[in-house]
Amino acid sequence: MSVLDIKNVTKSFSTTKAVDDFTLSVGDGELVCLLGPSGSGKSTLLRMIGGFETPTSGHVAIDGEDVTRVPPEKRPTGMVFQSHALWTHMNVFKNLAFGLKLRRLPEAEIKRKVEAVLELVGLGGFGHRATNQLSGGQQQRVALARSLVLEPKILLLDEPFASLDQHLRERLREEVRDIQQRLKITTLFVTHGQDEALALADRIVVMRDGRTEQADRPDVVYREPATPFVAGFIGTMNLVDGTVANGTFTHSGFAVPLPAGDGAATLAVRPEALEIVSATGAGMAKIHRVTDYGTHAIVDIELPDGTRLKSMTSEARDWSHGQPIDLRPKAFAAYRDNAAIHRSN
Amino acid sequence: MSLTPATDIVGTKKSGRPIGLLLVAAPVLLVAWMIIWPIISAIGRTIWLPDEGGTESFSLETYRFFFTDQYSLNNLSVTLWTTGVCALLLVLICLPIALYLRFAKGRLAAYVQGLAIFPMFVPSIILSYAVIRVLGPNGTVDLLLNSVGLPHIRSPYLTPWGPVIGLVWDNIPLTVLILLSGLGNVSNQSIEAARDVGAGRLALLWHIILPRISNSILVAVSFTVLGIFSAFTLPYVLGPAAPEMMGPFMQRTFRDLNDPTSAITQAVITFCFCIVFGLFYVRSVAKNRTT
């Protein structure tokens, strides 16, 4: 059963449509990542779910109840902001207790709930601390705890780790996932980091210009991107524009059998799926650069017209600059008119 | 190519010190000469008084006179009353304006801001006459009421409320600007976070906004109190002849009664009251710096 239903929601700011006819249902306990580049409308959508923006048209329903025009203070949602947004004039305990006090809970219950949630986020015994005495990661945990202590039906996270360093971000990401699974709380997570989305989500919604490009499981979004935009946005992807004629895709000497109708097409190949072999003659392309990462190597390839592609190989020492090579895509997808026309796995 | 060491550009600690001290020395000397010395001199002139023979000796006679003279005490009390009422009214009037300007968007907010800042550009003397023309006997309000058959108003002009109206109007811009700068430090996200946990408008104001701008309120009150306590033009033109505020009282004692020692005593007493609020301001600035 879906906890959150967003139906045909549009949000316009003067002449710009930040969110355009967006529809999504989120199931109970599901963690959905809204993924997209800056300006794709993901934060605006989250703010509409939280009640901080009112949709220009469309409806938002939580547990079947229309909350489109309900103010944030009356919604069963909890939001964690990018900048933590802690109240610096209150200590950690008071930050967490504030919402409970507004709900007129007895002091003893407030204390019990706050202490329990502080333990949950790994900040047991930090209640008396001033918020400015905490590190960035601890502050974000307090912000998360502040939302969790109110036991919201939906937890909204707006790029919560954007201001943290990579190491801390990875650690907190795992902790958030653990907490979310333990509490089985429906969660929407806004991010522009594809690795974050792939690691966290039950479902990824890739957004572009306020619309859904693809909404699916992370493995499907990664392996079977619905559009060239998704293919290019999730992970590293070689996108080559070319022509299909008589069952073969060609672009500047690079030819791949493609069982599709004649016409223009875009070929998408992941670096790990683009095999390179030493050319017997002049070859389809030449090696431009080899970067050795120890566990693997990335080979930059240059086609005759200067187009660059990337291939991932296990051995860097087999390849050198200027070496002629042939390309053999092991798995690829082809797109025409923003839709997949062929997938080879 | 060689790079210039950073120390050569910014100067080393040792060589930078005399230049820094020299830069600070000019304003410090000016403050000492134009402010500190006159204060010491004024206090000295009120406690070292000449006797009948012309010999100067320590005496608190002028202070004893001030604090036993009913007229002087009435003047001090009306000054304190006017200052207190003005400070209270300014906070009550300017806080909603500043809140509106902080959170409202659009053209109307810009017009309101312009209107709130406008009194800053109006000289006090013009403001005084404007108040008289509007609220005084046979002023605009009176004429309008009269024209529709209503009775004359009891004009606040020449009552203690006259200076209050003028001083409040005159101090609105500074108070609004100080409060607005304080409200600028309250981030939108901290407001939204409070709304998210269930805070309505009143809870938001009481628990989130006011604690965050308490320092600015203190600074605004200190500034207005300092200005109003020693105000001259508005109380002189709009206020009653007696009791009068300390500003006109000092001027009249000095010029009309030709009694500079008493006038200086009044000034020292005024200064002592002001310095209390000055200390509030200094403490607030120091607290801000520490934070």
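**View 1. Confidence along chain B of the predicted model.** Chain B has a mean pLDDT of 87, with 93% of its residues at 70 or more; pLDDT is the predictor's confidence in each residue, from 0 to 100. Residues 1-7 of chain B have a pLDDT below 50, and this stretch has 2 contacts in the model beyond near neighbours in sequence, contact meaning heavy atoms within 4.5 Å. Where pLDDT is low, the predicted coordinates should not be read in detail. As this is a predicted model, local features need pLDDT of at least 70 and side-chain atom pairs count only at pLDDT 80 or more, while totals for chains, interfaces and linings use all residues. Residues are numbered from 1 along each chain as its sequence is written, chains are lettered from A and ligands numbered from 1 in the order in which they are written, and side-chain values use heavy atoms, with hydrogens and water left out.

**View 2. The open sheet of chain A that contains β7 and β8.** The 6 strands of this open sheet follow the order β6-β7-β8-β3-β9-β10 in chain A, with mixed pairing. Strands (E, at least two residues) and helices (H or I, at least four) are DSSP runs, numbered from the N terminus, and two strands pair if DSSP finds at least two bridges between them. At the edges stand β6 (77-80) and β10 (211-216) of chain A, each of which pairs on one side only. Neighbouring strands are turned by 20° against each other on average, direction ignored. Strands β7 (residues 154-158) and β8 (residues 186-191) of chain A run parallel and are joined by 5 bridges; A:Ile154 has A:Thr186 of β8(A) as its bridge partner.

**View 3. Helix α4 of chain A between sheet and helices.** Helix α4(A) lies across β6 and β7 of chain A and runs at about 175° to β6(A). Axes are lines fitted to C-alpha atoms, for helices over the stretch in contact, and angles run from 0 to 180 degrees between N-to-C directions. With helix α5 (residues 166-183) of chain A, helix α4 (residues 136-148) of chain A packs at an angle of about 20°, the axes being 11 Å apart. That angle makes α4(A) roughly parallel to α5(A), a term for angles under 35 degrees. The residues of α4(A) that meet α5(A) include A:Leu144 and A:Leu148, and those on the α5(A) side include A:Leu172 and A:Ile179. By class, this contact of α4(A) with α5(A) has 7 nonpolar, 2 polar and 3 charged residues; Ala, Val, Leu, Ile, Met, Phe, Trp, Tyr, Cys and Pro count as nonpolar, Asp, Glu, Lys and Arg as charged, and the others, Gly among them, as polar.

**View 4. Helix α2 against helix α4 in chain A.** Helix α2 (residues 92-102) of chain A packs with α4(A) at an angle of about 25°, with the axes 8 Å apart. This makes α2(A) roughly parallel to α4(A). A:Val92, A:Asn95 and A:Leu96 of α2(A) meet A:Val142, A:Ala145 and A:Arg146 of α4(A).

**View 5. The antiparallel sheet of chain A around β11.** An open sheet of 6 strands in chain A has the order β13-β12-β11-β14-β20-β21, and its pairing is antiparallel. Strand β11 (residues 238-245) of chain A is joined by 7 bridges to β14 (residues 263-269) of chain A, where A:Thr243 stands opposite A:Ala264. Strand β11(A) also pairs in the antiparallel sense with β12 (residues 248-251) of chain A over 3 bridges, and A:Val244 stands opposite A:Phe249 in β12(A). The hairpin of β11(A) and β12(A) has 2 residues between the strands, and A:Asn246 takes a positive phi near 50° there.

Note on methods:
Parallel < 35°, antiparallel > 145°, perpendicular 65-115°, else oblique.
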